[in-house]
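Subject: Handing over a structure

Dear colleague,

I am passing on the structure below, together with an account of what was found in it. Please keep it open beside you as you read.

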Amino acid sequence: MIHTLEWTDSGVRFIDQTKLPTEEKYITCKTYEEVADAIRTMVVRGAPAIGVAAAMGIALGVKNSRTESVGELKREFDQICDAIGKTRPTAVNLFWAIRRMQDKFELLRVRPMPQIKQALIEEAQRMHAEDIAANRAMGRHGATLMPASGGVLTHCNAGALATCGYGTALGVIRAAVEQGKKIHVYADETRPFLQGSRLTAWELMKDGIPTTVISDNMAGAMMSQGKIAAIVVGADRIAANGDVANKIGTYTVAVLAREHGIPFYVAAPFSTIDLDTPDGSSIPIEQRDPNEVTHIGGRQMVPEGVQVENPAFDVTPARYVTAIVSERGIARAPYGESLRRLAEEMSVAG
Ligand code: MRU
């Protein structure tokens with residue numbers, strides 16, 4: 001079991017994903033500012049992991065607070081939520097987690113401070129456990145879509161490292177392998193941050209799941225050679241109409257999949273589905289430091305002064321998505337209806 005992030009008595013402990021795959025190093029953030037930095041610098045990344053890290057960061061900030069009244073604590077809590085909310089804009093799980101902590105605080109406002117602090121810590125821990133359970137359920141649903149044998153391509157890392165454990169897209173693959181399906185994973189390298197080659201390959205090798213790393217520009221050739229039977233990726237935000245924001249390059253993979261008649265699946269928990277965002281055009285896309293594109297391993301790869309773009313995500317229109325796998329089941333087009341129906345079932349189930 002990979003411990004992506006966990007609550008400890010001394011702070012929030014993360015495996016440092018910037019150091020993988022060559023170093024397995026853990027760091028403990030002792031303040032909420034350190035947690036915010038860990039999210040921003042991608043020590044912890046992946047939408048569900050970002051969400052739970054945010055909740056734990058808020059709980060940590062509240063725990064460390066030296067305020068003496070609930071009113072003062074609330075003011076500090078608001079500042080903490082604000083700071084955490086400014087780290088990364090695309091993964092809606094971040095804002096989902098903040099809202100859940102805000103709702104919890106609101107409910108507890110009349111209680112004594114130690115109780116409020118303890119309940120917020122417990123809420124963050126509950127979100128951690130729920131995330132793993134959601135991934136397991138998603139795995140069970142999604143495994144039915146995987147081929148009995150063959151190549152499955154994935155982009156970026158939507159695995160244990162992107163969640164609290166097991167993974168979304170990689171959870172689907174893991175569950176299929178656990179059922180005896182003979183899957184060979186093709187992991188897109190995922191330029192510029194290399195989540196596929198550094199992280200997906202690392203965690204699948206740990207599990208003994210056969211994996212081949214390809215550079216992003218090889219995906220089309222692999223598809224045309226018949227090596228890919230299905231594609232499964234994660235998501236950072238799914239709009240109400242089923243448009244999917246995910247790691248830059250996902251759109252290219254989806255369009256190629258359509259050309260080759262290969263099913264393109266998205267696996268994501270309900271905390272990634274944003275029914276308040278009507279379609280992909282309103283999803284904010286994070287722009288990151290050009291250095292991530294211009295340099296590889298500290299070495300400059302482009303001429304000094306050239307213009308560079310570094311959008312961290314793209315939007316795949318719903319029409320390219322064969323199905324969306326969530327912990328509640330599988331949604332198919334028209335997503336406007338199917339996602340809303342799953343959300344309603346979820347609120348009925350509580
Ligand atoms: O920039 P990152 O590494 O946080 O981007 C991660 C992705 O795009 C993942 O595919 C997505 O968050 C789903 S993780 C289960």
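A polar contact is a pair of N or O atoms within 3.5 Å. Please bear in mind that this is a predicted model.

Let me begin with the ligand, where a backbone N or O atom of Gly 46 lies 2.9 Å from one of the ligand's oxygen atoms, and where a backbone N or O atom of Ala 47 is found 2.8 Å from an oxygen atom of the ligand. Arg 45 takes part through its side chain, with a polar atom 2.8 Å from a ligand oxygen atom. On its own the ligand has 420 Å² of accessible area, and the protein covers 100% of that. In total, 19 residues surround the ligand, and the closest are Arg 45, Arg 88, Asp 236, Asn 246 and Lys 247.

Turning to the helices, the axes of helix 4 (residues 93-108) and helix 5 (residues 113-143) come within 10 Å and cross at roughly 145°, in a crossing that is right-handed. Among the residues that meet there are Trp 96 and Phe 105 in helix 4, and Ile 116 and Met 127 in helix 5. Sorted by class, this contact has 10 nonpolar and 5 charged residues, with no polar ones.

Finally, some backbone details deserve a look. The peptide bond from Arg 191 to Pro 192 is cis, with omega near 5°, and Pro 192 lies in the loop between strand 5 and helix 7. Another cis peptide bond joins Ala 333 and Pro 334, with omega about 0°. Met 42, although not a glycine, has a positive phi of about 70°, and Met 42 sits in the loop between helix 1 and helix 2.

Note on methods. Residues are numbered from 1 along each chain as its sequence is written. This is a predicted model: local features need pLDDT of at least 70, side-chain atom pairs count only at pLDDT 80 or more; totals for chains, interfaces and linings use all residues. Side-chain values use heavy atoms; hydrogens and water are left out. Axes are lines fitted to C-alpha atoms, for helices over the stretch in contact, and angles run from 0 to 180 degrees between N-to-C directions. Helices (H or I, at least four residues) and strands (E, at least two) are DSSP runs, numbered from the N terminus. A crossing is left-handed if the near helix is turned anticlockwise from the far one by less than a right angle, and right-handed if clockwise. Contact means heavy atoms within 4.5 Å. Ala, Val, Leu, Ile, Met, Phe, Trp, Tyr, Cys and Pro count as nonpolar, Asp, Glu, Lys and Arg as charged, and the others, Gly among them, as polar. A residue is near a molecule or strand if one of its heavy atoms lies within 4 Å of it. A polar contact is a pair of N or O atoms within 3.5 Å; within protein, one must be able to donate a hydrogen and the other to accept it, and residues adjacent in sequence count only if both atoms are side-chain atoms. Accessible areas come from the Shrake-Rupley method with a 1.4 Å probe; for residues, only the protein chains shown count as cover.
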